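Morning, everyone. Let me put the model up, and then we'll walk through its charged side chains.

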Number of protein chains: 2
Amino acid sequence: MMNKEEFIQLLQDKKYKTAQNILSEMNDMDTAAFLEELDAKECALAFRLISKEKAADVFSCMNSKMQTFLVDMFSETELKELLDDLYMDDTVDMLEDLPANLVTRILKNLDSTKRSTINKLLKYPEDSAGSIMTTEYVTLKKTMTVKQAMNHIKEIGIHKETIYTCYVTENKRLMGIVTAKSLMTSDDNENITNLMNTNIISVHTHTDQEQVAHLFRKYDLIAMPVLDSDGCLVGIVTFDDAMDVMVDETNEDISRMAAMEPNEKTYFETTVWQQAKHRILWLLVLMFSATITGSIITRYENAFSAVPLLVSFIPMLMDTGGNCGSQSSTLIIRGLALGEIHFKEIFKVMFKEFRISLIVGSILAAANGLRIFIQYQNFNIAIVVALSLMVVVIVAKLIGCILPLFANKFGVDPAIMASPLITTIVDTCSILVYFNIAVHVFNIVV
Amino acid sequence: MMNKEEFIQLLQDKKYKTAQNILSEMNDMDTAAFLEELDAKECALAFRLISKEKAADVFSCMNSKMQTFLVDMFSETELKELLDDLYMDDTVDMLEDLPANLVTRILKNLDSTKRSTINKLLKYPEDSAGSIMTTEYVTLKKTMTVKQAMNHIKEIGIHKETIYTCYVTENKRLMGIVTAKSLMTSDDNENITNLMNTNIISVHTHTDQEQVAHLFRKYDLIAMPVLDSDGCLVGIVTFDDAMDVMVDETNEDISRMAAMEPNEKTYFETTVWQQAKHRILWLLVLMFSATITGSIITRYENAFSAVPLLVSFIPMLMDTGGNCGSQSSTLIIRGLALGEIHFKEIFKVMFKEFRISLIVGSILAAANGLRIFIQYQNFNIAIVVALSLMVVVIVAKLIGCILPLFANKFGVDPAIMASPLITTIVDTCSILVYFNIAVHVFNIVV
């Protein structure tokens, strides 16, 4: 790809034609990434060199900071031209991130049909199918032949974001789906009625976008129709948006699983203060929860005064408990997110985790018990630690599988029931189990 | 959808025609899921009722257990018929999971061209572009017109898995790409040379599949050409396979991040023994690593004999350190996986994490120091805990960001540098920091 410095030199030397050629050879995504690296003034200059057909596509690939800057700088004519070429869903995406004064300016520059569509799209709840759908798609009539359909697409299709799935409608109601593949491979005189598939996978405008992404993956779709509450076709979601949803939702889960508030921006796009803000709340909550474990320990002061060695196994028990719990909770959270596990299977899950913890617990207890016996020649300590490990593993795995399932049942994101919270809860249990066993084995009065 | 019991009743009553109609109305994925729920005998019977055109598609949606069962049961004729209709990449997917005797039987039933293609595909390294590509795609010649191209597609396209991106080749070399969209919206007499895009995003057969998925997401592709070492077109990867790769790779990362060996099967598909096997290794490693922390504690026996209250803050410090470390490591691991963070940015990352830890650390230290001072009226303890917290947070965040970056640099999956390992390492540091500060503040001789 072109070197940034060389390109700036071209601009300074006013070799606009050469710069223009270089830009026209890059694909849209790379052009956007390249322009984002330039300074404000150069970027504005370079953007104006991009051919009119390409400009809107490059614009929609840019980050919101750059979009804001460009929109702010555009003349009314330039803005109108850009908006004419921009896809409806890209316009909505842009508007969601722009400052209010620019939003007003853009809405003013749209023709009234477009404006009302966009206003409607902006009103769908965040994370709903309606908020990610596009309103540009190809509709056909049942009575058309393949030839007529192809001509219809030729006439209007060039402006549509995807033409690979066409929608057969009757009074706005979706009757069937015809793929571009069947149009392209069927006889010219074949009737659309005979080609259309009436077994339609569709969603409603208020369907959760995560659910939409699931369906895409399950059925390998390129696009999916979105219906309103009356069953009328109002838009389609395309596979690229579904892919983005998948990644966003996973990012969200992974952030929550590491005790952070989710964040749509990338690591470097987020400022230090924002990062701190996303992290501090859970750290505070977990820190104060952990003091509970601490105060339980102080209740057993007699125990570790009598047998000081007891203290040295606290980190190992806590960590092992935490790890066992987070293994289970992670699998359950992921299974819930991918729709592979459901609340109704809770007893099946618990029974499975119980059996797993018996195996895992026995191995860990045996390994550690043996090590302690060999190292310290102290049978009682070995028994206390081994027994505690066994119980801690079972408890941790059960807590790890139950909490995410209940969170899901009660409409809370199960991802917050991941390692950090599970660890804190399991810690308390571990300490209680451990000292109770120790007190009995060593006959200590507390 | 049809009730399972009613359907079995239909089969028992030999109402095959009705059963057949029911199956023909379901889509492929749902039919496969439905059949998987039936008993072996009923499933075999039902599968034979599915129309020939649909059978291969339904088959490729089934899980490997069911596929094995059906292949085992098929007569040679049935097997031949199925293999004729099965896409090349689905056949390879199936072969990878079948027992050896069935693989031999299937290879025997393939014609020699198909067999040699499949043998070649089976040889690509796991997780490479070659292993997920399909060898069925549409090629065009530069000299064709749109009309000729459309006729060509009509002739051969129906058997191709995707026809929405056509590849213009010359002596097997890829010269350009034409989308079905431009074919459908261009004049019949337009030349392919004028329509084709020569700015091609392609990968090599040995490119890592994760990289392939990145490119799909970055450029919103439907299909991507795969070239061999000579630059000849040998296959394409389609978006649905790229989506599956994204989910699989994320599952892998999430498993590793929770100290488990990754597993391609779903939670319920994995047996208790397999689950235990995937979990035990890391648990053992981490358990024994945690004993290091324990033995460090014993070195400070004098300290907690002198000030027993010190012990009660161990869990809080360990947990907070672990949480801070896993927040940072999680963000870095995810950033690396999505290609948003690179090793060369290590100092930028470290500086950012350092500043974040100053903010977060101050808040945590102040909050907890104050609480301890109010609760115990002990200024020294409050200072020891607050100071330790500050240091622990900084150390944890730095370890949390450095380790994944180095793992990535040295070709180790950064996901194993997640919470569990970071926690164990940070624990040791926390205890050392804490007791060193305590020993100095309280003037304890150890």
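First, a term: buried means under 20% relative accessible area, exposed means over 50%, and partly exposed is in between, with a 1.4 Å probe and protein chains only. At 23% relative accessibility, R217(B) counts as partly exposed.

Some ground rules. This is a predicted model, so local features need pLDDT of at least 70 and side-chain atom pairs count only at pLDDT 80 or more, while totals for chains, interfaces and linings use all residues. Residues are numbered from 1 along each chain as its sequence is written, chains are lettered from A and ligands numbered from 1 in the order in which they are written, and side-chain values use heavy atoms, leaving out hydrogens and water.

Domains next. The bounds come from an automatic or database domain assignment. Chain A gets domain 1 (4-132), domain 2 (139-238) and domain 3 (278-441). Taken over C-alpha atoms, the centres of domain 1 and domain 3 of chain A are 52 Å apart.

Now salt bridges. We call one when a side-chain nitrogen of Lys or Arg is within 4 Å of a carboxyl oxygen of Asp or Glu. How many does the whole structure hold over all chains? The search finds 20.

Back to R217(B). Its side chain meets that of D244(A) in a salt bridge, 3.6 Å from N to O. This pair crosses between chains, from helix α16 of chain A to helix α15 (residues 209-219) of chain B. Helices here are DSSP runs of H or I, at least four residues, numbered from the N terminus. D244(A) is partly exposed too, at 27% relative accessibility.

Next, R48(A) and E78(A). Their salt bridge is 2.5 Å, N to O. It links distant parts of the chain, helix α4 (residues 40-49) and helix α7 (residues 76-85) of chain A, 30 residues apart. R48(A) has a relative accessible area of 43%; E78(A) has 24%.

Over to chain B. R256(B) bridges to E252(B), with the closest N and O atoms 3.4 Å apart. Both sit in helix α16 (residues 239-257) of chain B, 4 residues apart, about one turn of the helix. In chain A, E252(A), R256(A) and D413(A) are linked in a network of salt bridges.

Last, which helix of chain A gives the largest share of the negative patch? Helix α8 (residues 88-97), with 3 residues. Patch members have over 30% relative accessible area and no salt bridge, with like charges joined within 9 Å. Among them is D248(A), in helix α16 of chain A, at 34% relative accessible area.

Note on methods
Patches are made of residues with over 30% relative accessible area and no salt bridge: like charges are joined within 9 Å, nonpolar side chains (Val, Leu, Ile, Met, Phe, Trp, Tyr) within 5 Å. Accessible areas come from the Shrake-Rupley method with a 1.4 Å probe; for residues, only the protein chains shown count as cover. Lys and Arg count as positive and Asp and Glu as negative; His and the chain ends are not counted. The place of a charge is taken as NZ of Lys, CZ of Arg, CG of Asp or CD of Glu. Helices (H or I, at least four residues) and strands (E, at least two) are DSSP runs, numbered from the N terminus.
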